[in-house]
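Here is a short report on one protein. Keep the sequence and the structure in view as you read.

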Amino acid sequence: MLKLAMRATLAAVFLLSLASCGGGGSSGSSTAGANPGSPTGTTPPSGGSSDPVTVPAPTSAQASRFLEQASFGPTSADIAAVSTGGYSAWLDAQFIKPQKLHRSYMDSISATLTTGQTLSQNNFFESFWQQAVTGDDQLRQRVAFALSQVFVVSFLDSTVANFPRGVASYYDMLGTNAFGNFRDLLQAVTLHPMMGIYLTSMRNQKESGARIPDQNYAREVMQLCTIGLYQLNQDGTVKMASGKAMETYTNDDISGLSKVFTGWSWAGPDKSDTRFFGGSPDVDRDWKPMQSYPKYHSTSVKSFLGATVPAQGSADPEASLKVAMDTLFNHPNVGPFIGKQLIQRLVTSNPSPQYVSRVAAVFANNGQGVRGDMKAVVKAILMDSEARDDSTLSNPSAGKLREPVIRLANWMRAFNAKSTSARFLMGSLDDPLTALGQTPMRSSSVFNFYRPGYVPPNSGIAAAGLVAPEMQITGETTVVGYLNFMRDVIPNGTGSARDIKPDYTAELALAATPDQLVDRVSLLLTASQMSATLRNQIIAAVSSAAVPAGTGTNVDTAKKNRVSLAVFLTMASPEYLAQK
C-alpha cells in the first residue's frame, strides 16, 4: 500500500516541486499554516541594529527553523536545547566544540588496509556523513560545508582524486578556520596542496623566456574566493560608472598576482629540484602546507590591485605572499562578497542589501576592531532579523532551495539514523536518476555545483528579479530521481547494503494518531511551517493506510507504512524543498 500511495502522488509532487522552486510561475513555499510565534530569541531590533535585544525564548518551531540554517538539520534533542537556552547560548557552545579530524579517520582506515589496498574517495564520504549526521559540532559542520562551496576543490579532478586523505585534510582545514579569521583561512586555502593541484599553483615557475607563470589560481582567488568580478558597495550592490559595472581587476592584476604564486610546491625536509617537481614524496605531503622554493620564485616587480612587491635581489616567496594575502584580505569587496555567499548557503538566496550590509560591517569590524572574525560573521548571519524574525516567513523572496546533500542529512538527523557498521558506508551520490545528483567535494568545476547568481530561465523567479542558486542542479531529471531515491531510502535505509537505517521509534508511537504523527514530522522537517492544506492532505493519506486491530507483524508493518508515508510526502512537498 505504501508503494501504491507514493506512486500515486509522484507525478503531482513532481509538478508542484518545479513550480514552487522556480520551474513554474511562483516561488517560495506556502506559509499559510506556519506558526509565527513571537519575536525570536536574541535578535537585532527591527531597524537592523547590530545591538541585540532580549526577547522571549524561542518556541520549538522557531528553534527548528534556526537549526535548519545552523546545522545539518534539527533533532528533537537540539530543538529542546535551543528552546531552553536560546540561540546565542547554543551558538556560543558550538563555537567551542572540539573539532574531529576527517584525516584522523582516514588514517585509522589506512591502518587496517592490506597490501595492495589504498584509501579511496568513499572513505572520505564515510567520514563526511558520520560527522554531518552524528557530530555534536553541528555549526562547524554546516559552515565548513558552506566554505567548501566557495573555496572549491573537487574529486572530479583526476589528480586530486589520487589524494583522498589530502581532500579530507582540506575539508578539515575549512572546519578549523570556520570560526577563526578570514585572513588565516585565505592563506591556509592558498597553501594547501590540494588547492595547489586543483588550481595548478603547485610547481608554478617564474617567468623565463617565453614561459609565463600559471595564472589560474591568481584569477580564481580573486574572482571566486575574495573580491568577485565587480566592485561592490558594502550592501553587496554593484558600483556603476557611466552605466557600466566597475570591474575589480584587470589582466595586468592577474599577471602581477600570478608571480606571487610561483615557487610553491610539496612540503618536505629539503627544497631540492626533485621534491619541487614531485619526486622523493614526503609521507605527509598530501596535507602539509606547500613550502616555498626560492629558486623557482619570480624576483621581478609584482603589481596587483594597487599594491606592489618591489623587485627582489634574492627570491623571498613568503614576503610576496604576505603582501598578496594582506591586499586581498583588506579589499573592501571581501566583506559583502563572502558575507552574501554565506548568507545564501545558510539562510536565504536573496538577502536584502541591508542584511548584506550588516554582515559586511561585522566582517570589517567585529566590535573590537578586528577585521575578518569569522565567528562574529557567522553569528551576525544567523542572528540577523532577516534570519530570525517570523515576519520573513511571509516574504515570497525569503528562503532557499534545500540542496540534495542537505535534504539527505536532514532525514538522517531528524530520524536518528544509525550505521550498522558504525562507518556510514556511503559512496558517490552523483547519479541524478538513481541518487541525489550531488556528492560532497565532487562539484563539476571550480564554480561549485551551482553559481550564487544563477537565475532559472523562464521562471517566476526570473520575472521577480531573484536568484535561486540551487536550481542550477534542479530539473525534471533530478526531481524525479530525488523522489524515487527517497521513496526507497525512507522505509529501507541507504548506503552500501543498507548500512544506514533510520530509527522511527518516536514516530511509530504516534502511528495510531495521524495528526500527531504529521505534526511531529512537520516540526523536524519544516519547522512546523506546513500549511493547513498540506497538513490535511498528508493526514488524509496517512489515515488511508489502515492499521489492523490487535498486534503482530501486520500491525507493525502498517504502522511503518504510515510513518514512511508521512515522511516521504513531507520531503516531497515544495514546502519542505523550499527552506524558509
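## A lysine to start with

In which helix does K559 lie? K559 belongs to helix 25, which covers residues 553–572. The model is predicted, and every value below is computed from it.

The cut-offs are under 20% for buried and over 50% for exposed. Setting aside residues up to four places away in sequence, K559 touches L508, A511 and V547. Now take A509. K559 and A509 are 50 residues apart in sequence. In space, their C-alpha atoms are 8.7 Å apart.

## The whole protein

The protein has 580 residues. They include 26 helices and 10 strands. Along the principal axes, the C-alpha atoms fill a box of roughly 90 × 65 × 45 Å.

What radius of gyration would a compact globule of 580 residues have? It would be near 25 Å. The protein has 25 Å, so the two agree. Buried residues make up 56% of the 580.

## Surface and charge

The protein exposes about 22000 Å². Carbon and sulfur atoms supply 54% of that area.

There are 48 positive and 44 negative charges. How far apart are their mean positions? The answer is 2 Å.

## Helix 8, under cover

Helix 8 runs over residues 164–176. It has 13 residues, and at 1.5 Å a residue it should span 18 Å. Its end C-alpha atoms are 18 Å apart, so the span agrees.

This helix is mostly covered, with 12 of its 13 residues buried. Among them are R165, Y170, D172 and L174. What covers the buried residues of helix 8? The cover includes helix 5 (102–110), helix 6 (121–134) and helix 7 (138–148). It also includes helix 9 (182–191) and helix 10 (193–198).

## Two glutamines in helix 6

Helix 6 is part of that cover, and Q130 has its place there. Is Q130 buried or exposed? Its relative accessibility is 11%. The cut-off for buried is under 20%, so Q130 counts as buried. Beyond four places in sequence, Q130 touches Y105, G135, A422, R423 and F424.

Q131 is found in helix 6 too. Its relative accessible area is 6%, and Q131 is buried. Which residues does Q131 contact, leaving aside neighbours within four places? They are K100, L101, H102, Q138 and Q141. C225 is 94 residues from Q131 in sequence. The C-alpha atoms of Q131 and C225 are 25 Å apart.

## Helix 21 and its end

Helix 21 covers residues 476–492, which is 17 residues. It reaches 25 Å from its first C-alpha to its last. That is close to the 24 Å expected at 1.5 Å a residue. Its buried residues include Y482, L483, F485 and M486.

P491 lies in helix 21 as well. At 30% relative accessibility, P491 counts as partly exposed. P491 and L186 are 305 residues apart in sequence. Their C-alpha atoms are 43 Å apart in space. Just after the helix comes G493, which takes a positive phi of about 95 degrees.

## Positive phi beyond glycine

Most residues other than glycine have a negative phi. Which phi does S280 have? S280 has a positive phi of about 45 degrees, although it is not a glycine. S280 is found in the loop between helix 13 (273–276) and strand 4 (291–292). With a relative accessible area of 45%, S280 is partly exposed.

A422 also has a positive phi without being glycine, near 70 degrees. Where is A422 placed? A422 sits in the loop between strand 8 (418–419) and helix 20 (460–463). Its relative accessible area is 58%. The cut-off for exposed is over 50%, so A422 is exposed.

Conventions. Residues are numbered from 1 along each chain as its sequence is written. This is a predicted model: local features need pLDDT of at least 70, side-chain atom pairs count only at pLDDT 80 or more; totals for chains, interfaces and linings use all residues. Side-chain values use heavy atoms; hydrogens and water are left out. Helices (H or I, at least four residues) and strands (E, at least two) are DSSP runs, numbered from the N terminus. The radius of gyration is taken over C-alpha atoms; the globule rule is 2.2 Å times the number of residues to the power 0.38. Buried means under 20% relative accessible area, exposed over 50%, partly exposed in between (1.4 Å probe, protein chains only). Accessible areas come from the Shrake-Rupley method with a 1.4 Å probe; for residues, only the protein chains shown count as cover. Lys and Arg count as positive and Asp and Glu as negative; His and the chain ends are not counted. The place of a charge is taken as NZ of Lys, CZ of Arg, CG of Asp or CD of Glu. The expected span of a helix is 1.5 Å times one less than its number of residues. Contact means heavy atoms within 4.5 Å.
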